[in-house]
Amino acid sequence: MRDPDRVRPQEPMAPRTTFRIGGPAEFLVEVHTMAELLGVLEVVGKYGLPLHILGNGSNVLVPDEGVPGVVLVLEGDLADRRIEGTRVVAGGGCNLARLAVEVSRMGLGGLHFACAIPGTVGAGLVINAGAHGGEMSQVVAEAEVVWPEDGRVQRLRPEEIGFGYRTSRLLGTSAIVTEVVFDLYPADRDELAARMKELLERRRATQPLGLPNAGSIFKNPPGDYAGRLIEAAGCKGWRVGDAQVSEKHANFIVNLGRATARDVITLALKVRDAVESRFGVRLEPEVRIWGPNPFR
Ligand SMILES: Cc1cc2nc3c(=O)[nH]c(=O)nc-3n(C[C@H](O)[C@H](O)[C@H](O)COP(=O)(O)OP(=O)(O)OC[C@H]3O[C@@H](n4cnc5c(N)ncnc54)[C@H](O)[C@@H]3O)c2cc1C
């Protein structure tokens with residue numbers, strides 16, 4: 001870790017999140033190889049530093065006061081991908097949407113559902129990211145994780161990953177996803193391209209993509225849609241500071257300019273309570289909140 005650019009003290013986090021919210025990381029560290037990752041984890045363990053992993057910052061709410069300890073970003077080898085026939089091996093830091101488009105253009109089907117999910121492969125695995133009927137669980141053959149406590153590297157089969165709706169057994173653990181192996185299938189490129197075009201157009205029409213946001217704020221409850229319930233509870237357009245329940249899609253909170261993490265949390269709690277008192281359904285956050293979780 002000799003490159004000083006790869007260890008950045010007091011690095012602003014807001015520009016690294018799609019919400020454009022959050023105070024600085026005490027140390028932001030970019031790791032490019034497994035050896036570098038294990039080296040940093042040793043230091044983190046030795047000094048007992050708090051540790052967070054950052055992907056593309058598209059599903060995270062970073063506290064206004066910042067993040068103590070180390071925020072790790074997987075780059076280089078750990079964000080690369082290689083394609084071996086119908087198998088695709090991608091680093092945890094690899095951009096999921098870009099990978100989905102690339103392999104679809106090569107005539108590999110199965111990952112096209114992810115063409116508009118603006119995250120990384122690693123974060124997508126943990127949350128079993130999905131859209132339009134597809135999800136990671138359908139295409140993942142294997143994953144590699146590193147346990148920061150002892151630097152143990154482990155390969156996991158899907159049944160060990162334990163996928164569920166926007167969850168897996170890895171969610172809430174310290175595991176760092178360093179590699180995901182996808183099993184895809186030969187498919188017609190033009191059909192995949194047409195399908196992706198349709199998905200992207202549908203998103204542009206229904207999601208507030210012009211304003212900073214972190215995707216769906218709440219998971220869909222069984223048999224229903226969080227957006228429908230929030231809209232029916234009359235919360236569309238509600239505002240706390242510069243955080244607003246989107247007028248375009250009620251399950252998105254948008255940052256109108258200077259929203260803070262506190263604004264977003266206050267607003268999301270109001271929305272959750274309004275839906276619960278109206279429909280008796282307690283919505284669970286989909287967005288990952290770093291620091292104390294007020295939804296517990
Ligand atoms: C406009 C928009 C549309 C979206 N649409 C969808 C959608 O259709 N479907 C969907 O599922 N999601 C959607 N999302 C949410 C988001 O893109 C996904 O949840 C994505 O998987 C998050 O990836 P990320 O790299 O940005 O994660 P980050 O926000 O960087 O991190 C999220 C969490 O994952 C952890 N994490 C990150 N990398 C790793 C790793 N390598 N190993 C272990 N933990 C890690 C972080 O510590 C953090 O707690 C959308 C978001 C936006 C902004």
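Student: In which helix is Ala232 found?
Tutor: This is a predicted model, where local features need pLDDT of at least 70, side-chain atom pairs count only at pLDDT 80 or more, and totals for chains, interfaces and linings use all residues. Residues are numbered from 1 along each chain as its sequence is written, and side-chain values use heavy atoms, without hydrogens and water. Helices (H or I, at least four residues) and strands (E, at least two) are DSSP runs numbered from the N terminus. The run that holds Ala232 covers residues 226-232 and is helix α6.

Student: Is Ala232 buried, partly exposed or exposed?
Tutor: The classes rest on relative accessible area: buried is under 20%, exposed over 50%, partly exposed in between (1.4 Å probe, protein chains only). Ala232 has a value of 33%, so it is partly exposed.

Student: Which residues does Ala232 contact, leaving aside neighbours within four places in sequence?
Tutor: A contact means heavy atoms within 4.5 Å. With neighbours within four places set aside, Ala232 is in contact with Arg278 and Phe279.

Student: Into which domains is the protein divided?
Tutor: The bounds come from an automatic or database domain assignment. The protein is divided into domain 1 (4-76), domain 2 (80-193) and domain 3 (208-289).

Student: How many residues does domain 3 put into its contact with domain 1?
Tutor: Taken over C-alpha atoms, the centres of domain 1 and domain 3 are separated by 27 Å. The contact takes eleven residues from domain 1, and from domain 3 it takes 17 residues.

Student: Why does the second largest pocket lie between two domains?
Tutor: A pocket is an open set of points on a 1 Å grid, with protein on both sides within 12 Å along at least five of seven lines, and lining residues have an atom within 4 Å of a point. The lining here includes Leu61, Asp64, Arg262 and Ile289. Because residues are given to this lining from both sides, the second largest pocket lies between domain 1 (4-76) and domain 3 (208-289).

Student: Which helix gives the largest share of the lining of the second largest pocket?
Tutor: Among the lining residues are Ala261, Arg262 and Ile265. The largest share is three residues, and these come from residues 261-279, helix α7.

Student: What is the volume of the second largest pocket?
Tutor: The lining has nine nonpolar, no polar and three charged residues, where Ala, Val, Leu, Ile, Met, Phe, Trp, Tyr, Cys and Pro count as nonpolar, Asp, Glu, Lys and Arg as charged, and the others as polar. A volume is the space filled by probe spheres set on the grid points. For the second largest pocket this gives about 160 Å³.

Student: How many cavities of 30 Å³ or more does a search of the whole structure find?
Tutor: A cavity is a set of points where a 1.4 Å probe fits but cannot get out. The number found at 30 Å³ or more is two.

Student: Which element gives the largest share of the lining of the largest cavity?
Tutor: The largest cavity is lined by Leu61, Ile217, Val264, Ile265, Ala268, Pro285, Val287, Ile289 and Phe295. By class the lining is nine nonpolar, no polar and no charged. Its largest share, three residues, comes from α7.

Student: How many polar residues are in the lining of the second largest cavity?
Tutor: Among the residues that line the second largest cavity are Ile217, Phe218, Asn251, Phe252 and Ala268. Nine of the lining residues are nonpolar and none are charged, while the number of polar residues is one.

Student: In which strand is Gln244?
Tutor: Gln244 is buried, with a relative accessible area of 14%. Its contacts, not counting residues up to four places away in sequence, include Gly237, Phe252 and Leu267. The strand covers residues 243-245 and is β16.

Student: What is the relative accessible area of Ala25?
Tutor: Ala25 is placed in strand β2 (residues 25-31). Beyond four places in sequence, Ala25 is in contact with Pro9, Gln10, Glu11, Met13, Val67 and Val71. Ala25 counts as buried, since its relative accessible area is 0%.

Student: What is phi of Asn128?
Tutor: Asn128 is in the loop between α3 (121-127) and β9 (130-131), and it is buried at 0% relative accessible area. Phi is positive in this residue other than glycine, at a value near 50°.
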